[in-house]
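Please keep the sequence and the model at hand while reading.

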Amino acid sequence: MDLQWLIKIATENAPMFIRGAEVTLFISMIGTIIGSVIGMLIGVIRTIPVPERGVKKVVIKIINVILSIYIEFFRGTPMIVQAMVIYYGSAMAFGIDMDRTYAAIFIVSINTGAYMSEIVRGGIVSIDKGQFEAAHAIGMNHLQTMFNVVIPQVIRNILPATGNEFVINIKDTSVLSVISVSELFFTTKSIAGNNFRYFESFFVACVIYFIMTFTVTRILRYIEHKIDGPEDYIMYANQMQVETPEDMLRRINNNNGNI
Amino acid sequence: MEKVIDIQHLSKSFGAHEVLKDIDFSVSKGEVVCIIGSSGSGKSTLLRCVNLLEKPSGGQIIYHGKNILNDEHDPVEYRAKLGMVFQQFNLFNNHNVLGNCTVGQIKVLKRSKEEAKKTAMKYLQVVGMEAFVNAKPKQLSGGQKQRVAIARALSMEPEVMLFDEPTSALDPEMVGEVLIVMKSLAESGLTMLVVTHEMAFAEEVADRVVFMDKGVIAEEGTPVQIFNNPTQERTKEFLKRTLKKI
């Protein structure tokens with residue numbers, strides 16, 4: 001390894017590396033967000049209580065079967081193959097000419113959605129039964145219960161798993177180079193193709209990938225902390241709405257007349 | 001007096017196990033009814049059936065003259081008319097104290113935010129928890145949680161309040177604060193249906209005491225009748241066991 005080469009490649013190709021990293025981060029971020037939304041919706045649909053009889057039961061059964069097929073199919077086939085089938089396949093078989101970036105986001109989203117729906121289902125199952133009962137007892141229906149009580153708690157609980165998906169997506173977008181999306185792996189390949197310094201070029205890519213994934217995990221850890229909030233409750237620390245006239249007087253006195 | 005809830009021939013089985021057998025029982029407006037009995041006698045199941053958290057296997061629940069077990073009746077609307085307080089509190093963990101008391105009003109009763117907040121503050125004052133509006137459930141003690149749970153149920157301004165062993169999961173020293181709140185509610189004329197192991201509370205506060213044993217109502221009457229002159233052998237047996245001094 002030649003340090004001079006390394007620096008030379010990194011500086012000379014900096015715009016290309018950064019452009020590639022941007023595309024990678026963009027695709028994986030949008031893909032993770034859309035995938036999480038898909039997973040959340042599927043999780044809510046799959047936990048709808050099935051009535052004992054009637055048309056509703058049949059409809060829910062059919063929807064569940066369709067969703068199961070979706071999940072099993074996308075979890076059970078490699079993303080690189082899905083990319084080929086969806087991008088080139090749809091172009092050849094149906095004549096649909098997709099934009100590469102949109103195709104990439106689409107592939108990453110539905111893939112993440114398949115994984116996330118199972119994570120969300122696990123998250124919903126893990127919520128205490130009492131939360132559902134309390135929500136039902138004050139008259140909420142399934143959707144109200146889900147969106148006001150259960151899902152906010154599920155989001156907190158599945159945040160680590162979601163972060164995991166995000167990190168996996170940052171790395172796995174590299175397979176999208178097969179459909180020539182100009183993400184980090186693809187651009188590095190062309191840089192290396194120009195200078196024939198494969199080791200140094202891909203070493204730079206390695207470092208960039210690591211910086212991205214590491215930053216993302218740190219940020220998510222911070223968000224987890226923020227959501228959890230403090231363990232103890234500080235009385236009267238942020239209680240303006242319950243301030244009594246006596247409190248107000250005391251506060252004014254303490255501040256020597258300045259409110 | 002006007003009957004709010006009238007239960008006729010109610011039964012409930014879990015598989016082959018029959019938990020409630022042909023229960024006839026009613027609650028009138030303004031009445032405080034305490035249900036006592038040993039564990040497994042079906043008293044919690046009865047309360048959960050009244051709230052439709054458990055679907056009864058047979059019988060009728062008449063609410064203001066309408067059978068709410070009919071298929072065309074909307075259980076969601078009916079449930080909003082009943083307030084429920086659980087043994088395990090079941091406060092919504094993602095909401096703070098105020099949010100717990102307002103979310104139902106806003107989403108189910110479609111009240112405005114300000115109105116919901118005003119109502120919530122009114123009932124939080126009733127239970128003495130108005131200083132904790134921004135606290136999260138995990139920051140509260142058991143007794144405080146249960147008082148918030150009571151305020152949450154009251155905020156929906158229900159016709160009947162159901163209490164499912166509200167003090168059974170509390171430390172002994174916290175039982176008192178919850179019972180005081182419940183007693184003041186009873187005195188304010190609220191219709192209450194209370195499943196409890198607190199015999200002293202039942203004796204003092206109840207208008208009527210129902211003793212359940214093995215899925216049937218063994219005896220019911222005024223507290224004086226039940227606690228001083230029980231007629232049934234199993235009532236005597238149960239009271240001897242629970243009131244026994246150590």
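## The interface between chain A and chain B

The structure is a predicted model. In this model, 32 residues of chain A are in contact with 34 residues of chain B. The size of an interface is often given as the accessible area lost when the parts come together. Between chain A and chain B the buried area is about 2,600 Å², and carbon and sulfur atoms give 55% of that area.

Polar interactions also occur across this interface. There are 9 residue pairs in polar contact between chain A and chain B, counting pairs in which both residues are at pLDDT 80 or more. The count of salt bridges between the two chains is 1. That salt bridge joins the side chains of E133(A) and R48(B), with an N to O distance of 2.6 Å. On the side of chain A that touches chain B, the elements that give two or more residues are helix 6 (129–137) and helix 7 (142–172) of chain A. Helix 6 of chain A provides the largest share of that side, with 8 residues.

I138(A) is placed in the loop between helix 6 and helix 7 of chain A. Is this residue, I138(A), buried or exposed? I138(A) counts as buried because its relative accessibility is 7%, and the cut-off for buried is under 20%. Apart from neighbours within four places in sequence, I138(A) is in contact with A80(B), F92(B), G104(B), V108(B) and M156(B).

## Helix 3 of chain B

One of the contacts of I138(A), G104(B), is also among the buried residues of helix 3 of chain B. This helix, residues 97–107, is mostly covered, with 9 of its 11 residues buried. The buried residues are V97(B), L98(B), G99(B), N100(B), C101(B), T102(B), V103(B), G104(B) and Q105(B).

The cover over these buried residues comes from both chains: it includes helix 7 of chain A, together with helix 4 (113–126) and helix 5 (142–155) of chain B.

Strand 3 of chain B, residues 32–36, is mostly covered, and 5 of its 5 residues are buried. In a regular strand the side chains alternate between the two faces of the sheet. In strand 3 of chain B, V32(B), C34(B) and I36(B) are buried on one side, while V33(B) and I35(B) are buried on the other.

Strands of a sheet pair through backbone hydrogen bonds, either parallel or antiparallel. Strand 3 of chain B pairs in the parallel sense with strand 8 (residues 191–195) of chain B over 4 bridges. It also pairs in the parallel sense with strand 9 (residues 208–213) of chain B, over 4 bridges. V33(B) has a bridge partner in each of these strands: L193(B) in strand 8 of chain B, and R208(B) in strand 9 of chain B.

## An open antiparallel sheet in chain B

Chain B also holds an open sheet of 4 strands in the order 2-1-4-5, with antiparallel pairing. Its edge strands are strand 2 (17–28) and strand 5 of chain B, each of which pairs on one side only.

Strand 4 and strand 5 of chain B pair in the antiparallel sense over 2 bridges. Y63(B) has K66(B) as its bridge partner in strand 5 of chain B.

## Two residues with positive phi

Most residues other than glycine have a negative phi. H64(B) is not a glycine, yet its phi is positive, at about 50°. This residue lies in the loop between strand 4 (58–63) and strand 5 (66–67) of chain B. H64(B) is partly exposed, with a relative accessible area of 34%.

F89(B), also a residue other than glycine, has a positive phi near 65°. F89(B) is found in the loop between strand 6 (82–85) and helix 3 of chain B. With a relative accessible area of 9%, F89(B) is buried.

## Cysteines

A disulfide is a covalent bond between the sulfur atoms of two cysteines. The number of disulfides over all chains is 0.

C49(B) is buried, with a relative accessible area of 0%.

Definitions and conventions. Residues numbered from 1 in each chain as written. Chains lettered and ligands numbered in written order. Predicted model: local features only at pLDDT ≥ 70, side-chain atom pairs only at ≥ 80, totals over all residues. Heavy atoms only, no water. Buried < 20%, exposed > 50% of the residue type's maximum accessible area, 1.4 Å probe, protein only. Pairing = 2+ DSSP bridges. Disulfide = S-S within 2.5 Å. Contact = heavy atoms within 4.5 Å. Buried area = accessible area lost by both parts, 1.4 Å probe. Salt bridge = Lys/Arg side-chain N within 4 Å of Asp/Glu carboxyl O. Polar contact = N/O pair within 3.5 Å; in protein donor to acceptor, adjacent residues only side chain to side chain.
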